[in-house]
Amino acid sequence: LGDIAIARYGAPYLHLHRADLQHVLAQRAQAAGADLRLGVAVARVGPDGGVQLETGEALVFDLVLAADGVRSSVRQHWFDGAAPRFTGQAAWRALVPRELAQPSPAGVTVWAGPQRHLVAYDLGPNRGLNLVAVTERSAWVEPDWRQRGDPQELRAAFADFPAAARRLLEPVADCQFWGLFDHAPLPHWVRGKIALLGDSAHPMLPFLAQGAAMAIEDAAILGLCLQADPEIETALARYQRQRRPRTARVQAVSRANAKLFHAAGLRASLQHGAIALVNHMAPGLGQARLDWVYGWRPALD
Ligand SMILES: Cc1cc2nc3c(=O)[nH]c(=O)nc-3n(C[C@H](O)[C@H](O)[C@H](O)COP(=O)(O)OP(=O)(O)OC[C@H]3O[C@@H](n4cnc5c(N)ncnc54)[C@H](O)[C@@H]3O)c2cc1C
């Protein structure tokens with residue numbers, strides 16, 4: 001987005017490696033006095049604030065935030081009981097050293113084709129080029145993102161894509177491959193002292209690139225709600241009321257983007273051509289469609 005992001009939203013559009021983001025968040029949390037305990041599995045939580053660790057240790061808190069991801073066991077146990085749904089989409093992910101991916105595309109580059117798309121962007125000098133390649137699959141694909149993918153299969157799936165895209169896939173020596181899951185918006189995110197946050201509350205397809213952004217927004221609003229109201233129950237009710245409509249909209253648009261990215265034939269030519277034309281002729285106009293996403297500011301309603 002370059003200058004457009006700064007002009008429209010007063011901030012640059014940045015790409016971060018997940019580990020770098022976690023590092024920054026962990027540092028700030030510890031500086032604020034948080035006691036971080038890593039590598040500890042939680043066995044059970046309860047609406048009374050009870051938390052039982054796999055080690056057997058039992059703890060009690062005023063508030064339990066279940067940020068346990070798309071396959072949240074807390075959501076399944078205490079909220080709707082339903083597993084996330086397989087979306088019929090699966091992703092390969094690979095990091096390619098910058099020197100092997102020349103010429104490196106500027107900014108975020110997306111190549112879209114029937115039932116597939118490929119996204120490439122640079123994560124900085126020490127991280128390399130991030131590649132996410134999505135394909136439609138009618139058969140079930142396991143949800144674990146750590147599963148090994150086959151680089152040959154990845155290249156074969158995009159063999160008819162433009163040379164610039166294929167060139168980036170050539171050096172891929174190692175990749176992951178896993179199924180993408182989402183979930184219909186939940187009616188409730190709060191039960192007693194438990195509140196869901198992030199993917200546990202609103203699992204979504206990554207086709208608006210907003211999953212982690214929504215988790216951070218959740219945290220910002222929850223913080224404001226807790227500051228504004230000494231009663232945790234009231235603060236949590238306000239948090240759910242404020243966050244649910246926005247995240248439900250992002251979930252819906254992310255799902256709809258699958259159709260847009262993976263369109264075929266005349267429909268694809270018309271849709272993709274119109275987007276390219278607007279972006280070229282009037283970049284600000286095209287971007288205005290996404291002002292509701294990027295122009296958001298953390299404030300209480
Ligand atoms: C291909 C792809 C591309 C994406 N691109 C973007 C993007 O560009 N921008 C963006 O904003 N988002 C993006 N996302 C979405 C983003 O990755 C997620 O929305 C984000 O990771 C959600 O964060 P979370 O903390 O809620 O859950 P997670 O990141 O899934 O973290 C949950 C954590 O809880 C832990 N956990 C689970 N159960 C337990 C337990 N019982 N005890 C202890 N720990 C437990 C897990 O180990 C995990 O560490 C993308 C996703 C995919 C799949």
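Strands (E, at least two residues) and helices (H or I, at least four) are DSSP runs, numbered from the N terminus. This is a predicted model, in which local features need pLDDT of at least 70, side-chain atom pairs count only at pLDDT 80 or more, and totals for chains, interfaces and linings use all residues. Residues are numbered from 1 along each chain as its sequence is written, and side-chain values use heavy atoms, with hydrogens and water left out.

What does S6 pair with? Strand S7 (residues 116-122) runs antiparallel to S6, and five bridges join them; two strands pair if DSSP finds at least two bridges between them. Tryptophan 111 has leucine 118 in S7 as its bridge partner. Two residues lie between the strands of this hairpin, where glutamine 115 takes a positive phi near 60 degrees.

Now compare two residues from other places. Buried means under 20% relative accessible area, exposed over 50%, and partly exposed in between (1.4 Å probe, protein chains only).

| Residue | Relative accessible area | Class |
|---|---|---|
| Asparagine 257 | 12% | buried |
| Valine 108 | 38% | partly exposed |

Asparagine 257 belongs to helix H7 (residues 232-261). Leaving aside neighbours within four places in sequence, asparagine 257 is in contact with Phe207 and Leu208, where contact means heavy atoms within 4.5 Å. Valine 108, in turn, lies in the loop between strand S5 (85-96) and S6.
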